[in-house]
Amino acid sequence: MRFLPKPVVDQAVSGQLDLRLGGSTCRGTIFFADVIGFTSLSEQLEPQAVIAMMNEFFNRMVPCIEVQDGAIDKFMGDCIMAFWGVPFSQQDATAKACAAALHMHNNLVGLNSIRKANGQPILGMGIGLDAGNAVAGNIGSEDRVEYTVLGNTVNTAQRIQSQACRHQVLVGQEAWNDSAGRVYGVSMPPVQVKNKTDPVATFSVGGWKVAVSL
């Protein structure tokens with residue numbers, strides 16, 4: 001469980017998933033969360049302080065993903081890659097990803113309050129996600145493998161995230177369609193991303209719709 005996403009481990013133990021090399025195409029939601037300005041921030045700190053800062057950050061953020069049934073794919077320096085609905089379909093996958101993203105931003109407010117009180121630099125985070133088809137499976141050699149997702153949806157989600165500002169949750173058109181009626185948000189100007197001929201439609205998610213009985 002320290003080297004594979006927990007949902008993948010559960011599926012392997014139950015016999016639903018074969019962990020040998022290979023993959024399958026499935027529809028899921030791909031998620032990236034990145035610390036804004038990490039490079040300049042890390043240059044101001046000692047290496048030990050950078051590691052401590054990122055461990056503190058991950059310890060606050062990862063539970064937000066897992067409580068919404070998301071799976072951590074990998075830590076990419078200062079970035080978290082996660083997915084929902086892979087390799088088996090998951091009800092409300094994109095809505096759960098949006099809920100996790102909003103929860104993460106709320107948790108970051110608390111973390112920054114502590115860091116500011118301790119005289120430490122505060123952190124900013126941008127989150128991007130999209131939904132669609134991806135290839136999921138074990139990639140690597142016979143001696144070292146990594147369960148991950150690949151494909152156009154993954155690339156698009158990562159590029160959407162690169163356009164996200166501090167404290168922003170930016171989603172693509174498919175993700176917005178999937179979460180319709182569950183979240184509040186505004187349409188953003190389409191963005192031109194690498195290896196895409198047409199601009200990509202994006203939406204900024206600002207809140208979660210909650211039913212209230214009067």
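I call a residue buried under 20% relative accessible area, exposed over 50%, and partly exposed in between (1.4 Å probe, protein chains only). By that scale I looked up glutamate 174, which at 37% relative accessibility counts as partly exposed.

**Ground rules.** My model is a predicted one, where local features need pLDDT of at least 70, side-chain atom pairs count only at pLDDT 80 or more, and totals for chains, interfaces and linings use all residues. I number residues from 1 along each chain as its sequence is written, and side-chain values use heavy atoms, with hydrogens and water left out.

**Entry one: salt bridges.** I take a salt bridge as a side-chain nitrogen of Lys or Arg within 4 Å of a carboxyl oxygen of Asp or Glu. By this rule I get six salt bridges.

Which residue does glutamate 174 pair with? I found arginine 27, with the closest N and O atoms 3.1 Å apart. This pair links distant parts of the chain, 147 residues apart: glutamate 174 lies in helix H6 (residues 173-178) and arginine 27 in strand E1. For these names, helices (H or I, at least four residues) and strands (E, at least two) are DSSP runs, numbered from the N terminus. Arginine 27 is partly exposed, at 39% relative accessible area. I also noted a network of salt bridges that links Arg27, Glu174 and Asp178.

Next I turned to glutamate 56, which forms a salt bridge with arginine 115, the closest N and O atoms being 3.0 Å apart. Here too distant parts of the chain are linked, with glutamate 56 in helix H3 (residues 47-66) and arginine 115 in helix H4, 59 residues apart. Glutamate 56 is partly exposed at 29%, whereas arginine 115 is buried at 3%.

I then checked aspartate 69 and lysine 96, whose side chains meet in a salt bridge (2.8 Å, N to O). Aspartate 69 sits in the loop between H3 and strand E2 (71-76), and lysine 96 sits in helix H4, 27 residues apart. Aspartate 69 is partly exposed at 42%, and lysine 96 is partly exposed at 22%.

I looked at the second largest pocket, with a volume of about 190 Å³. A pocket is an open set of points on a 1 Å grid over the protein atoms alone, where a 1.4 Å probe fits, with protein on both sides within 12 Å along at least five of seven lines; lining residues have an atom within 4 Å of a point. The volume is the space filled by probe spheres set on the points, which are joined across faces, edges and corners.

How many disulfides does the structure hold? I found zero, a disulfide being a pair of cysteine sulfur atoms within 2.5 Å. The sulfur of cysteine 26 is too far for a bond, because the closest cysteine sulfur, in cysteine 98, is 18 Å away. Cysteine 26 is buried at 9%. For cysteine 165, the closest cysteine sulfur is in cysteine 79, 16 Å away and so too far for a bond. Cysteine 165 is partly exposed at 49%.

**Entry four: threonine 156.** I placed threonine 156 in helix H5 (residues 152-162). Threonine 156 is buried, with a relative accessible area of 5%. Leaving aside neighbours within four places in sequence, threonine 156 is in contact (heavy atoms within 4.5 Å) with Asp130, Lys196 and Val200.
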